[in-house]
Amino acid sequence: MMKLAGSLSEKDKEKALYEIIGVPYDGTAINKGSREGPKAIRNASQRLETFLWHKKLELSDLLYYDYGDIKLEHNHFFKAQNIAEFVLEHTRIRRVFLGGDHSVTYPLVKYLFEHGEVASVISIDAHADFRDSYRGNKFSNACVMRRIAELVGFEHIIEIGVRSSSVDEYASLNQIAIYDADVMREKGVQGVLEEIGEGEEKTYLSIDIDVLDPGIAPGVEHPEPCGLSLESLISLVQGIIKRRDVVASDVVEVNPGLDIANGITSLNAARVVFEILACYRERDNRDDYSHSEK
Ligand SMILES: [Mn+2]
């Protein structure tokens with residue numbers, strides 16, 4: 001299996017400060033294909049330089065290890081032991097999960113929440129994903145944030161970038177903090193980040209790649225017009241990881257089968273993953289520095 005560009009090799013994996021884990025599951029998607037997302041993101045990452053120009057950071061200096069994919073038999077909804085095998089081996093390490101359809105976020109959050117590793121969830125997504133049930137499935141990717149809110153508490157949820165829901169979903173969204181696409185345009189990324197503010201709660205950051213405009217992320221199951229630019233998404237990621245203790249993130253809903261030939265959706269997803277890893281490291285460097293000053 002090809003690893004994400006910049007990953008430590010297997011012999012050096014003990015040095016890892018961060019880990020990448022693929023979750024090749026698309027069991028709740030109508031248009032299958034996002035199970036190929038982790039592989040497509042890894043392949044696309046090979047096409048980008050591992051030197052992040054804007055930060056003057058070399059990715060291989062960040063010390064992350066790509067563990068590969070969680071093993072799923074016959075695309076079955078995965079169970080706690082599948083996650084445990086990968087996640088529990090290394091506690092106190094920041095992670096990035098590669099989806100998979102958005103339903104994968106629920107078992108990951110549930111597992112981390114029940115082990116005291118996550119207390120709040122920020123979702124960046126074109127869709128509210130707040131249906132109580134979709135096509136008879138309460139664990140569908142269209143219900144994922146509703147299930148998570150019920151688990152961690154509605155007051156511990158923030159949604160950013162939303163521009164689509166059903167009328168019933170919309171009525172229930174007043175229970176959570178939401179900065180929709182209109183608010184993003186009105187206040188700008190920095191305005192939204194200031195309102196979100198700082199917090200020490202351990203946070204899970206879920207990024208549905210369909211939050212981007214379909215022009216730059218067409219390879220998704222439910223493209224939604226009038227989306228974010230990649231620059232805006234990257235600024236959000238930077239600002240959130242600076243302000244919140246993000247212990248785990250995911251990048252979900254990359255569906256290479258629906259992408260255009262040049263693989264732009266996977267490429268932009270890989271770029272977002274690189275940014276998350278660099279921001280983890282910047283935050284840890286800052287925290288180490290402030291600790292050593294005390
Ligand atoms: Mn979505």
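The following is a dialogue on how features of this predicted model get their labels.

Student: Why are helices H6 and H7 called roughly parallel to each other?

Tutor: Helix H6 (residues 181-196) and helix H7 (residues 230-243) pack at an angle of about 25°, and their axes are 10 Å apart. Angles under 35 degrees count as roughly parallel, and therefore H6 and H7 get that description. Their crossing is right-handed.

Student: Which residues make the contact of H6 with H7?

Tutor: From H6 come Val-189, Leu-193 and Ile-196; they meet Ser-232, Ser-235, Leu-236, Gly-239 and Arg-243 in H7. By class, the residues of this contact are four nonpolar, three polar and one charged.

Student: What makes strand S6 largely enclosed by the rest of the structure?

Tutor: Five of the five residues of S6 (residues 120-124) are buried, so the strand is largely enclosed. Ser-120, Ile-122 and Ile-124 point one way, Val-121 and Ser-123 point the other way, and all are buried.

Student: How do you know that S6 pairs with S9 and with S7?

Tutor: Two strands pair if there are at least two bridges between them. S6 and strand S9 (residues 199-208) have five bridges, in the parallel sense, and Ile-124 stands opposite Ile-207 in S9. Four bridges join S6 to strand S7 (residues 157-160), again running parallel; there Val-121 stands opposite Ile-157.

Student: Which strand is joined to S4, and by how many bridges?

Tutor: Strand S1 (residues 18-23) is joined to S4 by four bridges, and the two run parallel. Gly-22 stands opposite Asp-69 in S4.

Student: Why is Tyr-67 counted as buried?

Tutor: Tyr-67, in strand S4, has 21 C-beta neighbours inside 10 Å. A residue is buried if 20 or more other C-beta atoms lie within 10 Å, so Tyr-67 counts as buried. Leaving aside its neighbours within four places in sequence, Tyr-67 is in contact with Glu-19, Ile-20, Ile-21 and Phe-86. From Ser-9, Tyr-67 is 58 residues away in sequence and 9.9 Å away in space, C-alpha to C-alpha.

Student: What can be said of phi in Leu-63 and in Cys-226?

Tutor: Leu-63 has a positive phi of about 65° although it is not a glycine; it lies in the loop between strand S3 (57-58) and strand S4 (64-69). For Cys-226, also a residue other than glycine, phi is positive and near 65°, and its place is the loop between S9 and H7.

Student: Which peptide bond is cis?

Tutor: The bond that joins Gly-99 and Gly-100, where omega is about 15°. Gly-100 lies in the loop between strand S5 (94-99) and helix H3 (105-114).

Student: How do you know that helix H4 is largely enclosed?

Tutor: Seven of the nine residues of H4 (residues 144-152) are buried, so H4 is described as largely enclosed by the rest of the structure. The buried ones are Val-144, Met-145, Arg-146, Arg-147, Ile-148, Ala-149 and Val-152. Their cover includes H3, S6 and S7. After H4 comes Gly-153, with a positive phi near 105°.

Notes. Residues numbered from 1 in each chain as written. Predicted model: local features only at pLDDT ≥ 70, side-chain atom pairs only at ≥ 80, totals over all residues. Axes fitted to C-alpha atoms, helices over the stretch in contact; angles between N-to-C directions. Parallel < 35°, antiparallel > 145°, perpendicular 65-115°, else oblique. Left-handed = near helix turned anticlockwise from the far one by under 90°. Contact = placed C-beta atoms within 7 Å. Nonpolar A, V, L, I, M, F, W, Y, C, P; charged D, E, K, R; others polar. Buried ≥ 20, exposed ≤ 12 C-beta atoms within 10 Å, placed from the backbone.
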